[in-house]
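Subject: Structure for you to look at

Dear colleague,

Here is the structure I promised to hand over, together with some notes for a reader who has not seen it before. Please open it first and keep it beside you while you read on.

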Amino acid sequence: MNLHGLRLFYTVARTGSITKAAQALHISQPAVSSQLKAFEAELNIPLLQKDGRGIVPTPFGKQLADKAETLFAVEAHIEAFVQEFRDVGAGHIHVAATYLPANFLLPQLAGAFKAQYPTIDLQIETVNSQQAFEKLARYKADVAMYAGSIDKRAKEFVWDEWLEDELWFVVAPSHRLAHQRVTLAEVVVEPFVMREEGSSTRAQLFALCQANQVKPPTIALQFSGLNEALSAVMAGFGINFVSSLVANEHIKRGDLARVYVEHVPIVNSIAICTRKQEQQNELVQRFISHCKRTRFKHGK
């Protein structure tokens with residue numbers, strides 16, 4: 001396959017415009033058009049179609065663009081590896097982190113790491129667990145930081161269990177279950193306020209119900225952010241299942257109250273994940289080592 005033609009096609013598919021693709025690739029618009037036609041002829045499969053004033057991929061073209069995105073992400077990863085080997089002080093680290101590590105662990109860790117390596121480009125992206133592993137698998141991230149149950153099915157990743165905390169059921173202080181000791185069956189009949197599907201905490205809640213043969217709760221309100229979900233709980237709209245690291249300060253201030261569920265101790269693992277069978281470059285190794293050295297600063 002002509003990789004140059006694939007890059008042209010991918011850029012057109014991503015930008016939705018031959019003109020924009022030509023600008024991005026620093027070549028003329030006629031050159032893009034002619035080489036794109038040659039690439040389609042080589043494959044003998046339609047790749048693009050008109051959509052109003054723009055251009056969109058055909059169904060096959062969309063699948064090919066997704067695969068090309070991964071290919072070019074790997075290419076960028078290799079280029080970064082070579083550059084970082086030349087100069088470890090001028091590299092790039094992309095961390096895809098779920099909400100808990102991104103908001104409660106990484107700000108301090110990243111600040112201290114940048115103080116030590118000020119010229120390094122350290123990018124931290126907050127995503128849900130599903131997105132974190134997609135980015136890691138597709139070479140869009142160097143490291144995934146994940147809070148939740150360790151998914152042993154994801155065999156393509158190395159799971160380095162780093163920290164542990166507890167998961168708590170929390171409500172508004174005025175809720176009838178505030179400060180009460182109840183069974184799991186009693187708490188799950190209440191309406192819940194949770195994050196979207198793909199959230200590891202939501203998955204853990206449903207797995208907990210399944211393990212205890214209890215019908216899972218109704219998700220009365222769903223938010224794409226944890227802060228929004230907790231705000232709804234504080235306003236009295238239901239129950240949330242959340243990390244103690246997140247809830248602890250709210251409880252101390254009196255914004256939230258715990259519901260103590262009997263005989264259901266829930267441990268939340270926080271892991272540093274990398275791709276299996278891949279030697280991490282020196283810069284990423286230093287970042288991971290830096291994180292591990294601070295592990296006892298974030299206990300329960």
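**Helix contacts and the cavity**

The axes of helix 1 (residues 3-15) and helix 3 (residues 29-43) come within 9 Å of each other and cross at roughly 115°. Axes here are lines fitted to C-alpha atoms, for helices over the stretch in contact, with angles from 0 to 180 degrees between N-to-C directions, while helices (H or I, at least four residues) and strands (E, at least two) are DSSP runs numbered from the N terminus. Helix 1 and helix 3 are therefore roughly perpendicular to each other, given that angles under 35 degrees count as roughly parallel, over 145 as roughly antiparallel, 65 to 115 as roughly perpendicular and the rest as oblique.

Please bear in mind that this is a predicted model, in which local features need pLDDT of at least 70 and side-chain atom pairs count only at pLDDT 80 or more, whereas totals for chains, interfaces and linings use all residues. Residues are numbered from 1 along each chain as its sequence is written, and side-chain values use heavy atoms, with hydrogens and water left out.

In the contact (heavy atoms within 4.5 Å) between these two helices, His4, Gly5, Leu6, Leu8, Phe9 and Val12 of helix 1 meet Val32, Gln35, Leu36 and Phe39 of helix 3. The residues of this contact divide into 7 nonpolar, 3 polar and no charged, where Ala, Val, Leu, Ile, Met, Phe, Trp, Tyr, Cys and Pro count as nonpolar, Asp, Glu, Lys and Arg as charged, and the others, Gly among them, as polar.

Helix 3 also meets helix 2 (residues 18-25), the two axes coming within 8 Å and crossing at roughly 105°. That contact is made by Ile18, Thr19 and Ala22 of helix 2 with Gln29, Val32 and Ser33 of helix 3.

Further along, the axes of helix 6 (residues 106-116) and helix 12 (residues 282-293) come within 10 Å and cross at roughly 130°, and helix 6 and helix 12 are therefore oblique to each other. By class, their contact has 7 nonpolar, 2 polar and 2 charged residues.

A search of the whole structure finds 1 cavity of 30 Å³ or more, a cavity being a set of points, on a 1 Å grid over the protein atoms alone, where a 1.4 Å probe fits but cannot get out. About 200 Å³ of space lies in the largest cavity, and among the 21 residues that line it (an atom within 4 Å of a point), the closest to its centre are Tyr99, Arg195, Ser199, Thr201 and Leu226. Strand 10 gives the most to this lining, with 4 residues, and by class the lining has 10 nonpolar, 9 polar and 2 charged residues.

With best wishes

Terms used: On a 1 Å grid over the protein atoms alone, a cavity is a set of points where a 1.4 Å probe fits but cannot get out, and a pocket is an open set with protein on both sides within 12 Å along at least five of seven lines; lining residues have an atom within 4 Å of a point. Grid points are joined across faces, edges and corners, and a volume is the space filled by probe spheres set on the points.
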